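Welcome, and thanks for taking a look at this one with us. Please keep the viewer open while you read.

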Amino acid sequence: MNTFLLLMGVHILAVASPGPDFFLVVRASLSGQHKETIVCCLGIASGVVTHLLLTYFGLSVLINQSKWLYSVIVILGGLWLIQLALSGLFAKSGSWNAMPATKFSSHWTAWTNGYLTNLSNPKVMIYFVNVMSPLIQQQVSGWSFFAIASSITIWTFAWFVLVSTLLNQASIKRLFQKYQTLVDKLFALVLLCFAFFISYSELS
């Protein structure tokens with residue numbers, strides 16, 4: 001339960017922080033295609049499922065074959081996350097005013113765009129490598145892993161659907177823009193602590 005709460009807390013902030021998935025949903029929302037944007041969010045969630053499965057089972061095999069190589073990968077991933085967190089802490093806030101809208105020709109195109117955008121982001125894979133590490137080390141499997149993976153996937157989908165819905169309202173959009181920088185800094189700080197914790201645990 002402690003591991004579950006830790007991972008969900010980190011993931012909630014991670015999803016709220018801007019990235020390729022977030023900006024894709026924003027651009028799609030600006031086009032007014034609400035149904036297609038929901039399908040795009042489903043594609044992003046499908047990408048998260050793929051990352052979770054590949055990372056979890058890949059790390060499981062790796063730790064059985066070569067513990068030191070597993071440790072190297074986790075530590076390098078932790079260093080990458082530290083660099084990402086530091087850049088987020090000192091980054092300037094952006095603006096959505098000049099962001100172009102994205103239109104989808106079909107539901108399939110919307111799903112494919114969401115899925116491939118999430119799947120092709122190397123930072124997502126590195127993030128999940130470190131998120132899955134505590135589960136691997138505690139040998140979490142079966143229904144426990146299914147519950148955690150399902151929660152992460154459902155939250156990802158729900159968050160982006162919420163973003164899409166809120167951005168269709170001008171007042172909410174302005175509020176979202178106002179506090180987005182604060183969310184960015186908070187996520188970067190939590191991610192920095194999490195990356196240090198994972199790296200230190202693996203080194204020790």
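What follows is a short tour from the overall fold to a few helix contacts and single residues.

## Ground rules

This is a predicted model, where local features need pLDDT of at least 70 and side-chain atom pairs count only at pLDDT 80 or more, while totals for chains, interfaces and linings use all residues. Residues are numbered from 1 along each chain as its sequence is written, and side-chain values use heavy atoms, with hydrogens and water left out.

## The overall fold

The protein has eight helices and zero strands, where helices (H or I, at least four residues) and strands (E, at least two) are DSSP runs, numbered from the N terminus. Read from the N terminus, the elements run α-α-α-α-α-α-α-α.

Of the 204 residues, 46% are buried; here buried means under 20% relative accessible area, exposed over 50%, and partly exposed in between, with a 1.4 Å probe and protein chains only. Among contacts (heavy atoms within 4.5 Å) between residues at least 6 apart in sequence, 90% join residues at least 24 apart.

## Helix H2 and its partners

Helix H2 covers residues 20-30 and helix H5 covers residues 107-119. Their axes come within 9 Å and cross at roughly 160°, which makes H2 roughly antiparallel to H5. Axes are lines fitted to C-alpha atoms, for helices over the stretch in contact, and angles run from 0 to 180 degrees between N-to-C directions; angles under 35 degrees count as roughly parallel, over 145 as roughly antiparallel, 65 to 115 as roughly perpendicular and the rest as oblique. Pro20, Asp21 and Leu24 of H2 meet Asn113, Gly114, Thr117 and Asn118 of H5. By class, this contact of H2 with H5 has two nonpolar, four polar and one charged residues. For these classes, Ala, Val, Leu, Ile, Met, Phe, Trp, Tyr, Cys and Pro count as nonpolar, Asp, Glu, Lys and Arg as charged, and the others, Gly among them, as polar.

H2 also packs with H7, at an angle of about 35° and with the axes 9 Å apart. On the H2 side the contact is made by Asp21, Phe22, Val25 and Ser29, and on the H7 side by Trp159, Phe160, Val163 and Ser164. This contact of H2 with H7 has five nonpolar, two polar and one charged residues.

Buried residues in H2 include Asp21, Phe22, Val25 and Ser29. Just after H2, glycine 32 takes a positive phi of about 85°.

## Helix H7

Helix H7 spans residues 143-166, and its 24 residues reach 34 Å from first C-alpha to last. That is close to the expected 34 Å, the expected span being 1.5 Å times one less than the number of residues. Among the buried residues of H7 are Trp159, Phe160, Val163 and Ser164.

Serine 46 is in helix H3 (residues 34-65). With 21% relative accessibility, serine 46 counts as partly exposed. Leaving aside neighbours within four places in sequence, serine 46 is in contact with Trp111 and Tyr115. Serine 46 and asparagine 118 lie 72 residues apart in sequence, yet 8.6 Å apart in space, C-alpha to C-alpha.

Histidine 107 belongs to helix H5 and is partly exposed, with a relative accessible area of 43%. Not counting residues up to four places away in sequence, histidine 107 touches Lys35, Glu36 and Val39.
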